[in-house]
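Trainee: Before we look at anything in detail, could you show me how to read a few features from a model?

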Amino acid sequence: MPKLAITGKGGVGKTTLAALLAHLYAQEGRTVLAIDADPDANLASALGFPEELVEAIVPIAELQDLIAERTGAQPGTFGGMFKLNPRVDDIPDRYAVSHQGVKLLTLGTIDHGGSGCICPESTLLRALMQHLVIRRSEAIIMDMEAGLEHLGRATAGSMDAFIVVVEPGQRSIQTAKSVRRLASDIGVDRVYVVGNKTRSESDRAFILDNLPGDEILGFLSYSPLAIEADLQGKAIFEMDPGIVQQARLIKDKLAFMAEEE
Ligand SMILES: Nc1ncnc2c1ncn2[C@@H]1O[C@H](COP(=O)(O)OP(=O)(O)OP(=O)(O)O)[C@@H](O)[C@H]1O
Ligand SMILES: [Mg+2]
């Protein structure tokens with residue numbers, strides 16, 4: 001079962017790709033656990049969850065009683081004593097919400113300023129992420145913010161691949177390069193790239209010229225329907241069959257790369 005973390009510069013299409021891949025794996029009949037690890041969570045909407053469900057979601061980081069119960073300390077406290085290995089194995093099934101074959105767990109804000117934070121909520125979330133990646137048997141698709149810092153070595157090292165989304169432009173390419181450096185620092189060697197919002201062959205050539213070709217899984221074209229889906233609060237895969245087909249090629253390439261190793 002693939003365990004993928006999707007990252008990249010703000011606004012490049014991480015959540016869009018996460019939703020497309022989650023949808024495709026679910027269509028294959030796999031059980032899929034999508035994890036929203038972006039503090040500014042919006043994967044539920046991208047997956048087409050109905051509004052009532054989206055509004056009812058409380059991120060794990062905000063479940064004060066749960067955090068206190070599991071770590072033995074109140075969230076927001078620093079320093080004091082708390083458990084460093086809180087029980088987390090029941091959390092995915094208790095708190096995930098499901099829609100169209102995709103289970104979704106929303107984590108919330110992991111670090112309050114600085115990657116070195118040791119506080120009850122970040123301890124619980126790190127333990128949870130590690131558990132998800134190492135122990136769960138579903139396909140895992142993690143929608144992340146740009147940094148990898150909050151992932152922790154054990155979690156990052158157990159992912160099958162990091163996918164960095166880029167768009168035609170120097171800035172997201174720079175982010176992709178820094179993700180690659182960070183990944184190799186923490187022992188992750190499989191970092192792949194998806195080019196998004198490409199409008200032409202020259203957009204795709206730009207990305208190919210700026211990043212090693214063997215890392216590129218494929219491209220998603222610029223799609224006005226992606227914007228329309230966002231406007232209507234619908235899933236992109238309900239609106240744009242063309243982009244679903246492009247995402248399918250990306251998924252197949254990923255499976256091929258995994259077999260190569
Ligand atoms: N292929 C595409 N064509 C056109 N618009 C797109 C495409 N992919 C994504 N978008 C639009 O770009 C915006 C940002 O996409 P998305 O939310 O997936 O990016 P993100 O990287 O998750 O952003 P954030 O950093 O804010 O989490 C959305 O309005 C989305 O509809
Ligand atoms: Mg996003």
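This is a predicted model: local features need pLDDT of at least 70, side-chain atom pairs count only at pLDDT 80 or more; totals for chains, interfaces and linings use all residues.

Trainee: Which residues come nearest to ligand 1?

Mentor: One begins with the residues and then asks which elements supply them. Of the 17 residues around ligand 1, those that come nearest are Gly13, Lys14, Thr15, Thr16 and Ala226. The elements that each give two or more residues to this shell are helix 1 (14-27), strand 7 (191-198) and helix 10 (224-232). Sorted by class, the shell around ligand 1 holds eight polar, five nonpolar and four charged residues.

Trainee: At what angle do helix 4 and helix 6 pack?

Mentor: Angles from 65 to 115 degrees count as roughly perpendicular. Helix 4 (residues 64-71) and helix 6 (residues 120-135) pack at about 80°, with their axes 10 Å apart, and the two helices are therefore roughly perpendicular to each other.

Trainee: Which residues meet there, and of what class are they?

Mentor: From helix 4, Ile67, Arg70 and Thr71 meet Pro120, Glu121, Thr123 and Leu124 of helix 6. By class, this contact has three nonpolar, two polar and two charged residues.

Trainee: Why does Gln246 count as partly exposed?

Mentor: A residue is called buried if 20 or more other C-beta atoms lie within 10 Å of its own. Gln246, which lies in helix 12 (residues 241-260), counts as partly exposed because it has 19 C-beta neighbours inside 10 Å.

Trainee: What is Gln246 in contact with, leaving aside its neighbours within four places in sequence?

Mentor: With those neighbours left aside, Gln246 is in contact with Gly218, Phe219, Leu220 and Ser221. The C-alpha atoms of Gln246 and Gly218 are separated by 7.8 Å, although the two residues are 28 residues apart along the chain.

Methods. Residues are numbered from 1 along each chain as its sequence is written. Chains are lettered from A and ligands numbered from 1 in the order in which they are written. A residue is near a molecule or strand if its C-beta atom, placed from the backbone, lies within 6 Å of it. Helices (H or I, at least four residues) and strands (E, at least two) are DSSP runs, numbered from the N terminus. Ala, Val, Leu, Ile, Met, Phe, Trp, Tyr, Cys and Pro count as nonpolar, Asp, Glu, Lys and Arg as charged, and the others, Gly among them, as polar. A residue is buried if 20 or more other C-beta atoms lie within 10 Å of its own, exposed if 12 or fewer, and partly exposed in between; C-beta atoms are placed from the backbone. Two residues are in contact if their C-beta atoms, placed from the backbone, lie within 7 Å. Axes are lines fitted to C-alpha atoms, for helices over the stretch in contact, and angles run from 0 to 180 degrees between N-to-C directions. Angles under 35 degrees count as roughly parallel, over 145 as roughly antiparallel, 65 to 115 as roughly perpendicular and the rest as oblique.
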